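Student: I have a protein chain open on my screen, and I would like to learn how to read it. Could we go through some of its features together?

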Amino acid sequence: MLSMTDTIFALASGAGRAAIAVLRLTGSDTALIVAALAGRLPPPRHASLRPLRDAAGEVLDEALVLWFPGPRSYTGEDSAELHLHGGPAVLAGVSAALLGAGARPAEPGEFTRRAFLNGRMDLTAAEGVADLIEAETAAQRRQALRQAGGALAERYAGWAERLTRLLAHQEAAIEFAEDGLPNDLEDRMRAGAAALAAEIGAHLDDGGRGERLRDGVWVAIVGAPNAGKSSLLNALAGREAAIVSAQAGTTRDVVEVRLELAGVPVWLADTAGLREASDAIEAEGVRRARRRAAEADLVVAVFAADQAPDAATLELLAPGVLVLANKMDLAAAPAELGGVAPLPVSARTGAGLDALRAALEAAVAARAGHSGEAPLTRPRHRAALREAAGWLAEAGAAPLPELGAEALRAALRALGRLTGRVGVEEVLDVVFGDFCIGK
């Protein structure tokens, strides 16, 4: 178990030689340790240039020192930043001095963990900070910023507040039935539970857009052998990622490349041609191709315009599948195939590739979404909300008030797991504040 009483430090900037390196400290002894190295504390939240010295008085570096007294700091504790020259010897010397002064190296995520435990952020905001650090695209950055800024926490806190009030009223109806409370509290609880469950259900019914934006959209290119799937992959990737040959069945395994489309990370997978396999290795490749198509967020079905589509290709046609007629330089694409108008392209000449990229971007954006709201980004959010909605449904159908109250408590606990905050005191405050019991 990590001790909350320790003073910890860590490199906040990137590893390796650099012009500037930032060491962060937090904990109860931060002021003493910084004063020991820098001579005295600078004014709060003002950068001050100070020589840093070790216990023997040797100057380790000329550094900018910033002092953040708690609770107005990232962690809610006394904190500081040392902006050093980024050489390895400087970092090693200052780190050794911090160790000698009583600080210890921080564990991964320990600064943000303390911020959560000290009430500076909830769990969803902490997860947003982690996503912001990992963000590689502009869309990921915007989503992570919304979450780190409390967009999810605000929504869940509003739901928890409404649920707390429903539970408080239900408890009041049970415990103080003789005190002249309104007669329709039970009906209000059922209506409120149903409305809240509907809102949670709408939030859950988002098609997994937030998770896809965070983790990436998987696109599978499937079709018959020699349809030009590998050539299309290479054209979209802008490099020779897959082997291209006139010999049918060249691709045996799944070949993946990572792209960015519409600000969304995309994993594009080239697969083995779908046909009756001639050997065990090709049969395994075909099996993997079918599995990848079944698991993909988007399927791109490719057939050669100069050949009639075979049965395996026709089986792929379904709503949501992007159908391509490749090799339009050899033959005109059919106007319709299985009720779908194929997109004509030529991987060899590049004709139609701009339209293909635009179609892919539109399909990816539809699956990953760029709404102004903060969507669900993790399976744990989805699981907790499904549990809360289930308990709300039970509360609305409970045959006894006591069972309804217990279901509401369970729903509140499920919401509390999302943010990490829920307590009995909140329920009591609403009971006595709304009904003035005990006057």
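Tutor: Gladly! Let us begin with two helices: the axes of α6 (residues 151-175) and α7 (residues 185-204) come within 9 Å and cross at roughly 160°. Keep in mind that this is a predicted model.

Student: How are α6 and α7 oriented relative to each other, roughly parallel or roughly antiparallel?

Tutor: The general idea is that an angle over 145 degrees between N-to-C directions counts as roughly antiparallel. The crossing here is roughly 160°, so α6 is roughly antiparallel to α7. The crossing of α6 and α7 is left-handed.

Student: Which residues of α6 and α7 make the contact?

Tutor: From α6, they include Leu152, Tyr156, Trp159, Leu163 and Leu166. From α7, they include Leu185, Met189, Ala193, Leu196 and Ile200. Charged residues take part as well, among them Arg155 and Arg162 of α6 and Glu186 and Arg188 of α7. Sorted by class, the contact has 12 nonpolar, four polar and five charged residues.

Student: What is the peptide bond from Gly70 to Pro71 like, cis or trans?

Tutor: That bond is cis, with omega near 5°. Pro71 lies in the loop between β4 (59-68) and β5 (79-86).

Student: Is Pro71 buried or exposed?

Tutor: Exposed means over 50% relative accessible area. Pro71 has 54% relative accessibility, so Pro71 counts as exposed. Beyond its neighbours within four places in sequence, Pro71 is in contact with Gly76 and Arg120. Arg120 is 49 residues away along the chain, yet the C-alpha atoms of Pro71 and Arg120 are separated by 8.7 Å.

Student: And what is the phi of Arg45?

Tutor: Phi of Arg45 is near 60°, a positive value in a residue other than glycine. You will find Arg45 in the loop between α1 (30-38) and β3 (48-53). With a relative accessible area of 35%, Arg45 is partly exposed.

Student: Where is Asn226, and what is its phi?

Tutor: Asn226 sits in the loop between β7 (217-223) and α9 (229-237). Its phi is positive too, at about 65°. Asn226 is partly exposed, with a relative accessible area of 29%.

Student: Finally, how many helices and strands does the chain have?

Tutor: The chain has 15 helices and 12 strands. Of its 439 residues, 46% count as buried. When you consider contacts between residues at least 6 apart in sequence, 61% join residues at least 24 apart.

Note on methods
Residues are numbered from 1 along each chain as its sequence is written. This is a predicted model: local features need pLDDT of at least 70, side-chain atom pairs count only at pLDDT 80 or more; totals for chains, interfaces and linings use all residues. Side-chain values use heavy atoms; hydrogens and water are left out. Helices (H or I, at least four residues) and strands (E, at least two) are DSSP runs, numbered from the N terminus. Buried means under 20% relative accessible area, exposed over 50%, partly exposed in between (1.4 Å probe, protein chains only). Contact means heavy atoms within 4.5 Å. Axes are lines fitted to C-alpha atoms, for helices over the stretch in contact, and angles run from 0 to 180 degrees between N-to-C directions. Angles under 35 degrees count as roughly parallel, over 145 as roughly antiparallel, 65 to 115 as roughly perpendicular and the rest as oblique. A crossing is left-handed if the near helix is turned anticlockwise from the far one by less than a right angle, and right-handed if clockwise.
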